[in-house]
Amino acid sequence: MHKLILTFISTCLSVLAFAQNAVKLKIYEKSDFMADSQFWSVCEGNDGVMYFGNNDGVLVFDGEHWQKIILPNNSSVRSLSQGMDGTIYAGGYNEAGIISRAKDGRYEYRSILKELQPEGRNLENIWGIEHLGNRVLFCAYSEIIVLTGRAATRLPSSTAFTYSAVVNNNYYVAESGHGILTLQPSSNTLLMAFPATGFNNEDVAEILPGGKQGALLVVTVQGGIYYGELATGKITLLNRCFPAGDGSVGAALKNPDGSIYIGTVNEGLISVNRMGQTNYNPDGFAPLKDGVVQKLYRTTDGNMWILQNNGLAYADYHSPYRQLFNRASVYDALPVKDSLYIATTQGIYYAADAGNNFTKVSNLQGQAWTVQKASGDIIACHDTGLYKIVHGSAVQIGAVSGFWKINPVAGKPGFYLASQYNGLYLLEKKGKEWLLHPKIAGFNESARDILPADEPHTYWVCHGYQGVFRLRINAAYNRVSSVDHFTNKNGLKNSFNVNVFRWQGKVVFTTNNGIYTFDNTTNRFVPYQKLNSLLDPTLNTRKILQYGSRTWFVQDDEAGYFDISQPVPEPRKDIFLNLKGTFNRGMECLVPLPGDKMLFGTTDGLFLYSIKNPGNPAGISTAITQVSYTRRQKQELLHTASGKGAIELPNKTDILRFDFAVPKMAKGTRIQYSYILEGSEQEWSPWQNQPFKEYTHLGPGTYTFKVKSRNTAGIVGGEAAYRFTVLPEWYQTTLAYILYGVLSLLVMYGIRLLIKRRIRYEKAKSAREAESSRRLLELEVAQLKLQRDKDAAIRDKAALEEDVINKSKELANYTMLLVQKKDVFAEITDDLKELKNYVRNEESRKKLLDIFQKLNRHRVGEEYMEVFDVHFEKVHHNFFEGLKALSPSLTQRELRLCAFVKMGLTNKEIAPLLGISLRGVENARYRIRKKLDVANEDNFAAFLEGVGSET
């Protein structure tokens with residue numbers, strides 16, 4: 001028997017080792033799936049969608065969304081199974097049916113209870129559904145119903161069927177008190193495989209493959225692991241999971257490597273390796289310790305679902321990382337052979353193996369900054385001082401507190417430069433003891449970020465707020481001989497957040513504005529283009545670490561790396577997205593390990609990453625799980641498949657929502673999505689975690705929604721597309737547009753007619769206006785001509801008036817001359833007559849006579865008066881005619897007297913001109929008044945003035 005056990009162990013079991021350590025567990029709670037927390041069964045669809053049997057019904061999970069399906073009788077679902085054709089079968093209390101996806105994308109249940117032909121019998125719980133060829137076997141406590149096509153065959157139980165399974169294309173069922181039976185397909189009969197006595201009448205929890213043809217492993221509820229061979233019917237106990245007999249098994253699952261996971265009622269999950277060793281605390285499964293494990297299920301991608309009495313758990317074996325420690329913030333990590341030391345906010349922890357069973361170093365509490373190996377010892381730099389870690393305890397070195405880290409002194413074996421909160425100390429190992437020398441004088445700033453320079457005894461120290469210091473220490477290392485202080489005046493854009501590292505043998509400085517090196521010739525910092533071309537200089541690069549051909553970095557709270565051996569190095573950060581925002585600022589912890597592994601210390605603990613590219617497994621595609629739209633506060637579901645033609649949506653759709661998932665992608669790793677709506681958007685969206693996208697108030701047109709996916713392990717999901725058309729309103733249809741076109745043509749024709757009519761009207765109006773303008777112009781010309789004539793008449797009148805005035809003046813002057821001449825003649829005549837009386841000489845008398853004769857010849861006579869008449873008539877037109885018209889009896893002498901009166905001559909002046917006396921003038925005037933009928937009271941001169949003007 002012992003030999004048999006060794007044979008089984010050598011063929012069936014193996015050490016879980018790294019595979020077990022690499023598991024990443026994700027717990028799903030009631031708030032996630034919104035249903036009862038007790039699960040009974042599980043199966044996986046061909047598309048990667050998971051189906052869970054629950055007290056509330058069937059829960060469907062596509063990796064992002066949960067949907068609950070309630071059976072017609074509200075029964076719990078005890079069994080789920082996928083048929084050879086991909087059909088999902090579900091069984092409950094007196095109910096069996098098929099789960100399928102409706103056209104609108106929702107899952108629905110269809111009962112096939114009538115096909116099982118219960119004929120009024122109470123089937124009770126159908127707790128097992130298995131498939132064998134074209135048969136579907138529904139197992140209840142009292143019977144097994146074999147459904148072949150539409151024909152049902154009943155296989156009754158003599159006691160009760162308690163377990164069923166298909167192993168190596170054979171159907172097995174455990175019958176209470178009898179043993180394990182197997183189905184004979186040709187006759188649909190059950191034959192005994194292993195009697196109950198062979199496994200001590202224990203209850204069967206799971207039947208697993210035995211590692212070779214015809215061999216089985218039987219795991220019982222009582223914790224026994226039995227090995228059976230069908231050919232001989234012998235079954236042998238290999239191991240007991242609970243030697244004390246105080247445990248109970250709920251489920252079991254064989255791993256690809258031959259190891260076994262066993263789900264228990266009160267111990268969580270345990271494992272048994274190939275050597276028969278039981279591990280009651282397998283790494284990664286600690287959260288299951290207090291839960292009852294009902295079922296274990298291996299998915300097609302090699303991961304595992306754990307169904308519990310109070311929730312679900314998902315074990316991801318393909319996650320690129322796992323969390324090793326989560327009890328405090330981790331600032332540093334140090335792997336030493338098979339052990340691992342970490343510096344945390346709570347002190348120093350260590351693990352003695354590759355697992356995550358960390359133990360705290362005793363007598364060392366509080367903040368630890370670094371843990372380093374120096375001269376064969378483990379040295380911890382702590383808030384309270386320097387410590388040597390020995391056998392899980394701490395021994396302090398010196399009595400000074402507040403150290404950041406230590407650096408070996410070049411050329412001085414056994415000597416280290418210890419960076420302290422307020423300066424530097426020299427640390428020396430003498431034999432097996434450590435000696436902390438007095439503080440190095442000359443520098444009193446914090447030296448957390450320190451790096452040896454290229455020159456001997458020279459160090460770069462970066463201060464978070466004060467910039468960069470270059471220290472030169474004397475050969476005895478007891479005094480800083482010189483300090484150069486650099487700020488933003490020396491080439492740096494600012495002196496804050498500067499860090500110093502060595503990359504490819506060159507000292508580089510990282511800042512908020514790019515990466516710099518120091519130029520000794522100019523004594524200034526200059527941009528380092530080689531790294532700035534690889535790392536975005538607009539981001540703050542807080543850590544640079546070179547390990548082999550890879551360069552690791554932390555940039556703006558995101559970790560990543562690039563491979564300098566590649567022709568075009570490209571930073572890769574996607575795999576580390578879950579670490580974003582968790583690094584300890586200024587104390588970022590990155591520790592490379594052999595085998596493409598990396599340790600990251602964060603505020604959430606310690607993470608182990610595997611950097612190998614897992615490739616892109618075939619068949620992982622993004623799926624649009626549901627399309628729905630809301631219109632007028634009413635939600636409608638659409639078919640999820642795009643089909644050949646576009647799905648038509650009504651106009652004025654308020655919200656159009658796309659839900660998507662990647663069912664075949666590992667459920668324990670964060671999935672991100674990017675999408676684009678062709679016809680509306682030009683570029684793919686940034687990657688995001690939300691598994692849905694909503695659009696509001698899309699206009700009429702044809703669109704194609706596309707979505708793709710990726711996870712933090714670097715796996716990319718294939719693209720999914722959904723084509724749809726938003727229908728136009730009636731006024732946006734083709735017929736409406738044709739009508740619009742016809743109406744537009746008619747309107748254009750009408751407008752054309754109106755324009756022509758308007759043109760004619762405008763032409764006629766223009767002609768009328770031209771004619772009117774012409775006439776107006778003629779009138780204006782005539783008016784101008786009249787005005788010109790009027791102006792000429794006015795000018796002529798003015799000239800005439802002026803001429804009349806001038807002539808009147810001349811006439812007046814002439815008249816006065818006549819008067820004067822008359823007077824002169826009269827005076828001369830009188831003088832000559834008087835002279836004649838005095839002249840006695842005949843000759844003188846004769847001479848006087850000649851003078852009288854000459855005077856008589858030139859005296860004012862009728863000819864002068866006629867000249868006066870002519871001139872007067874020129875000045876006063878028709879004056880004489882007017883008088884004659886008034887009184888034709890007027891004589892020439894009377895007319896002349898009137899003329900003299902009109903001219904304003906006095907009677908005295910008139911008398912000589914007429915050759916009459918003054919009295920004669922007055923009498924003449926009187927006679928004229930009578931003839932002209934002028935009253936005595938009227939002014940005679942004014943009357944005469946009117947005679948001329950009236951005419």
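Visitor: Which residue of β21 stands opposite Glu229?
Guide: Heads-up: this is a predicted model, where local features need pLDDT of at least 70, side-chain atom pairs count only at pLDDT 80 or more, and totals for chains, interfaces and linings use all residues. Residues are numbered from 1 along each chain as its sequence is written, and side-chain values use heavy atoms, leaving out hydrogens and water. Strands β20 (residues 224-229) and β21 (residues 234-240) pair antiparallel over six bridges; a strand is a DSSP E run of at least two residues, numbered from the N terminus, and pairing takes at least two DSSP bridges. Opposite Glu229 you'll find Lys234.

Visitor: Which residue in the turn of that hairpin has a positive phi?
Guide: β20 and β21 have four residues between them. The one in the turn with a positive phi, about 75 degrees, is Gly233.

Visitor: What is the N to O distance between Glu143 and Arg154?
Guide: Glu143 sits in β12 and Arg154 in β13, so the pair ties together parts 11 residues apart in sequence. Glu143 is buried at 3% relative accessibility, while Arg154 is partly exposed at 39% (buried is under 20%, exposed over 50%, partly exposed in between; 1.4 Å probe, protein chains only). Their side chains form a salt bridge (Lys or Arg side-chain nitrogen within 4 Å of an Asp or Glu carboxyl oxygen), at 2.5 Å.

Visitor: How many residues of α9 are buried?
Guide: This helix (a DSSP H or I run of at least four residues) covers residues 892-902. Leu895 and Phe900 are among its buried residues.
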